[in-house]
Amino acid sequence: MTAPETQGAPPPVPAAPEHLQGRGAWFKRLPVVHQVRQSVGLQRGMLVTGLVLCAVFVVTAVGARWIAPYGWSQLRTPEGAFGAQQPPSAEHWFGTTVGGYDVLSRVVWGAQTALLVVIVAVTASIVVGVLLGLVSGYFGGWADRVLVLVADAVYAFPSLLLAILLAIVISGGQSSMWGGVLAAALSITVVFVPQYFRVVRAEVVRIKGEAFVDAARVLGTPHRRIMTRHVLRNSVRTLPLIVTLNASEGILTLAGLGFLGFGIEPTAAAEWGYDLQRAVADVTSGIWWTALFPGLAIVLAAMGMTLVGESLNDLADPRLRVRSRSRKVAGAVAATSVDAGSDADAGTTGPSKEES
Amino acid sequence: MRFLLIIPTVFILVTTVFVLMRATGDPITAALGGRLTPDQLAERIQAAGYDRPILVQYWEYLSGILTGDFGTTISDNRPVTEVLTTYGAATLELSTYAVLVALVLGVPFGMIAAYRRDLLPDAVLRVLAILAYATPVFFAGLLLKLIFSVWLGWFPVAGRVSTAGEIEMRKAGADSGFMVVDALATGDPAVLLDVLSHAVLPSLALGLLTAGVFLRLVRTNMISTLGTEFVVSARSRGVKERRLVTAHAWRPALIPIITVAGMQIAMLLVGAVLTETTFEWRGLGFQLSEYLQARDFVAVQGIVVVMAVIVAVTNFLVDVIAALVDPRVRY
């Protein structure tokens, strides 16, 4: 989650061919920088656009208190109340809502809520999913079988419906800012855990059979050390892809929850889905600004992350990767083929499977 | 034998929903707490049997589901089964239109994108597909509504049929729940037109979302089959490019497409819930959000369980069909 945004700088200009530079500077081998350098043409365009959108989203979220002209639940200034459903004007660039809030401020603060939820949800699901996948895949046995069955069942569960049930359980539907953020994030976490579990477990089961694991075992290495040093490090290479795709799905699920009335109360924090729900009636009477701006915010944030995820996905899949013809040198190919092998199993059903 | 797994899967789903819904307490307090006195509440809880041991209730719930009994809603006191049959047809109708829209748009454009890979048409189509994925279906719905019904006035704002059309249907005694069938039964082309114009925007909103997924699916799988040797050999034998794509490469690409498309049923149902809420399309999803507002968790539980089971069974059937169609897949 954090890696793609912090590396949002424009791609470095490729200097000498890669094979002449040896292993290159350390920053060129960082996850996203490496992919930006590796990509060409359309793929690079998509990746960079995605990174820029993500960077804008993160900057807006972090700097909300300086960017937003008003508070998210502010109804008046010392000069007087904002008034309800005012069209865009100099004081309120995006107009005001039916509840009398400033739309621009709610859109900006909404980025903060969305970012918090996504960070908590993705972090929690990685920790839980990877741990479960590692232990379950490594030791096997009946517990593993049961976990696989449960994970498959939960994976097939319509995600928004599951999130609704969990939101009811966790918060009874509505709550304060942190309560609401945590409730929404945990609801989304449960939806995501099976995805990490499945991917990590499959990799662990595959790597467990490799000779170097046997060698370590013969040498008397304890299970714990084999699991962390030998197996885990080799099983998590595909995770960045899932993280970016999950981040966008998390934003959409949060918005869906808010739209169905299971979001965060407007006084506790700004949330785009809730604002859209309140805008349904406005649209019927031709008031467009209350729906358009929060909706666009969702689209841009989700689109940025999807673009990054899709591009990383294509770059990791040798069948979909585009190579620059002028740089088709043996050294360059050897350097890229490092991540290619790990995706052999993901390729059989097509990359879209992860995004359902 | 792998197919027997559908039984534990459904069992896990049903149990998960039960546990989650009961973790909050009994549904009567959730729905009516604060509105009734504690004595009245206790009386209602006892009458509904929610004061008995949880395992007894769980057993009753399981056996109820097996006999098609999902309980009775609290807010409007109807059997959940009746709610499901009344509104299920509307959701099925909407989903069918959406899949039709998605097939018409997603498949041909996916083929074009794959054939013109990395050229301008592919670039445009891929960005559009990502846009379709990143746009929440309710936002797309609101925009369509704003432009085509409020500003241009081409289509009705919400609902499935106008009041006049509904009266016509009543007269004709048509109540299958499928509006198009009912409209045909009245024999009045005006009613049919009315019903269809109500369906255009919701179907487009949900269909566009699904079309994006289909497009990417078709594109990825077509790219892999277009790169295989038999396509190259067909091309060298002089098979026309058009036929190469639509006949030679399409068939083998179809199996993974069917498998993954079948898995999209979950996305389609979730999309239907949100679309129905946006357009007041009175189907299961619309009812679900109404019951959520009313905090009627018996009804919510019933609808969610049925949707989850539909998804699980569909995925299972897709697996079976894939195994039957593809000689390479064997369990």
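This passage describes annotated spans of chain A, then a loop residue and a helix pair of chain B, in a predicted model.

In chain A, an unreviewed UniProt entry lists residues 47–68, 114–139, 146–170, 176–197, 239–264 and 287–309 under "transmembrane region". Two of these spans were examined for secondary structure and end-to-end distance.

In chain B, Asp51(B) is located in the loop that joins helix H3 (38–48) to helix H4 (54–66). Asp51(B) has 12 other C-beta atoms within 10 Å and is therefore classed as exposed, the limit for this class being 12 or fewer. When neighbours within four places in sequence are left aside, Asp51(B) is in contact with Ile45(B) and Gln46(B). The C-alpha atoms of Asp51(B) and Val306(B) are 25 Å apart in space, with a sequence separation of 255 residues.

Also in chain B, helix H5 (residues 80–115) packs against helix H13 (residues 265–279) at an angle of about 110°, and the two axes are 10 Å apart. H5(B) is therefore roughly perpendicular to H13(B), and the crossing of the two helices is right-handed. H5(B) contributes Thr91(B), Leu94(B), Ser95(B) and Ala98(B) to the contact, while H13(B) contributes Leu268(B), Ala272(B), Thr275(B) and Glu276(B). By class, the residues in this contact of H5(B) with H13(B) comprise 4 nonpolar, 3 polar and 1 charged.

How values were computed: Residues numbered from 1 in each chain as written. Chains lettered and ligands numbered in written order. Predicted model: local features only at pLDDT ≥ 70, side-chain atom pairs only at ≥ 80, totals over all residues. UniProt positions renumbered as here; feature names shortened; annotations may be inferred. Helix = DSSP H or I, 4+ residues; strand = E, 2+ residues; numbered from the N terminus. Buried ≥ 20, exposed ≤ 12 C-beta atoms within 10 Å, placed from the backbone. Contact = placed C-beta atoms within 7 Å. Axes fitted to C-alpha atoms, helices over the stretch in contact; angles between N-to-C directions. Parallel < 35°, antiparallel > 145°, perpendicular 65-115°, else oblique. Left-handed = near helix turned anticlockwise from the far one by under 90°. Nonpolar A, V, L, I, M, F, W, Y, C, P; charged D, E, K, R; others polar.
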